[in-house]
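Good morning, colleagues. I would ask you to look at the structure with me for a few minutes, as I go through some of its local features in turn.

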Amino acid sequence: MNEVMRIIRQRRSVRSYRDRPIPPEECRNIVEAGLYAPSGMNRQPVHITVVNGKERIDRITAELKAAVARTPDNRYRDYVGAESYTVNFGAPVFMIVSANPARAVTAQADCACALENMFLAARSFGIGSCWVNQLGSVTGDDAFQRFLQEELAFPAENVIFCAAAFGFPAGDFPPAPPRRGSSTWIE
Ligand SMILES: Cc1cc2nc3c(=O)[nH]c(=O)nc-3n(C[C@H](O)[C@H](O)[C@H](O)COP(=O)(O)O)c2cc1C
């Protein structure tokens with residue numbers, strides 16, 4: 001089977017990780033894969049924030065929990081509020097994919113394209129990943145934005161469109177769920 005098709009089929013969301021860092025070269029390749037993704041009108045608005053190490057990632061979890069708790073009607077209140085919740089499932093690397101929507105009307109789609117490229121690159125190194133959707137739910141929270149800018153050098157005009165955990169899986173990659181998408185062929 002073609003190598004790219006093999007990796008596409010093998011990529012899975014991983015929610016349990018080994019306590020093993022990602023080698024810097026592989027991290028750089030994952031980021032590069034994201035930055036090589038297509039973007040609407042080639043605006044390339046994507047910015048990737050790479051956060052390495054348990055303490056820094058734990059700070060993100062703590063700040064997110066506080067922001068969700070003070071956001072009225074946040075849809076993740078119970079999920080993020082659970083004591084066991086962390087943004088990274090114990091993974092050693094957390095990446096935030098953001099863009100300035102004023103720079104590109106396709107900012108959200110551009111970020112999603114970037115992240116899927118990153119997932120596939122990671123899988124090619126035997127590295128697992130999982131999209132983490134909760135950060136976008138506190139976009140309007142001033143204190144969370146301040147934390148991002150002051151501690152993670154986050155660009156002030158950017159919005160978080162996606163984020164993900166990366167690391168070596170604790171066990172095997174999970175099996176693929178049955179495919180439910182469909183296609184119509186007009187030939
Ligand atoms: C837009 C989007 C948001 C997601 N958010 C989360 C999330 O917040 N937490 C999580 O554990 N998985 C999340 N996932 C991963 C999906 O649950 C996962 O892709 C799906 O169950 C299929 O499994 P697979 O990735 O192994 O094929 C998200 C995936 C997408 C595309």
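Let me begin with a definition: a residue is called buried under 20% relative accessible area, exposed over 50%, and partly exposed in between. Please keep in mind also that this is a predicted model.

Asp 73 sits in the loop between α3, residues 54-70, and α4. As background, most residues other than glycine have a negative phi.

Asn 42 belongs to the loop between α2 (24-35) and β1 (47-52). Its relative accessibility is 53%, so Asn 42 is exposed as well.

The loop in question runs between α4 (77-81) and β2 (93-99). If we set aside the neighbours within four places in sequence, the residues in contact with Asn 88 are Tyr 17, Ile 57, Phe 94 and Ala 165.

I now come to the ligand. Which residues surround it? The surrounding residues are Arg 11, Arg 12, Ser 13, Arg 15, Phe 89, Cys 130, Trp 131, Val 132, Asn 133, Gln 134 and Pro 177.

In Arg 12, an N or O atom of the side chain is 2.8 Å from an oxygen atom of the ligand. Asn 133 takes part through its backbone, with a polar atom 2.9 Å from an oxygen atom of the ligand. Trp 131 also contributes a backbone N or O atom, which is 3.4 Å from a nitrogen atom of the ligand. How much of the ligand's accessible area does the protein cover? On its own the ligand has 620 Å² of accessible area, and the protein covers 62% of that.

My last topic is the aromatic rings. A pair of aromatic rings is described by the distance of the centres and the angle of the planes. The count of such pairs in this model is four. In one of them, Tyr 76 and Tyr 79 have ring centres 6.4 Å apart and planes at 50°, so this pair is tilted. Tyr 76 is buried, at 14% relative accessible area, whereas Tyr 79 is partly exposed, at 43%. Ring pairs also join Tyr 76, Tyr 79 and Tyr 85 into a cluster.

Phe 144 and Phe 147 form a further tilted pair, because their ring centres lie 6.0 Å apart with the planes at 45°. Phe 144 is buried at 1% relative accessibility, and Phe 147 is buried with a relative accessible area of 6%.

That concludes my presentation. Thank you for your attention.

Technical notes:
Residues numbered from 1 in each chain as written. Predicted model: local features only at pLDDT ≥ 70, side-chain atom pairs only at ≥ 80, totals over all residues. Heavy atoms only, no water. Near = heavy atom within 4 Å. Polar contact = N/O pair within 3.5 Å; in protein donor to acceptor, adjacent residues only side chain to side chain. Areas by Shrake-Rupley, 256 points an atom, 1.4 Å probe, with all protein chains shown as cover. Helix = DSSP H or I, 4+ residues; strand = E, 2+ residues; numbered from the N terminus. Contact = heavy atoms within 4.5 Å. Buried < 20%, exposed > 50% of the residue type's maximum accessible area, 1.4 Å probe, protein only. Phe/Tyr/Trp six-rings, centres within 6.5 Å; stacked < 30°, edge-to-face > 60°.
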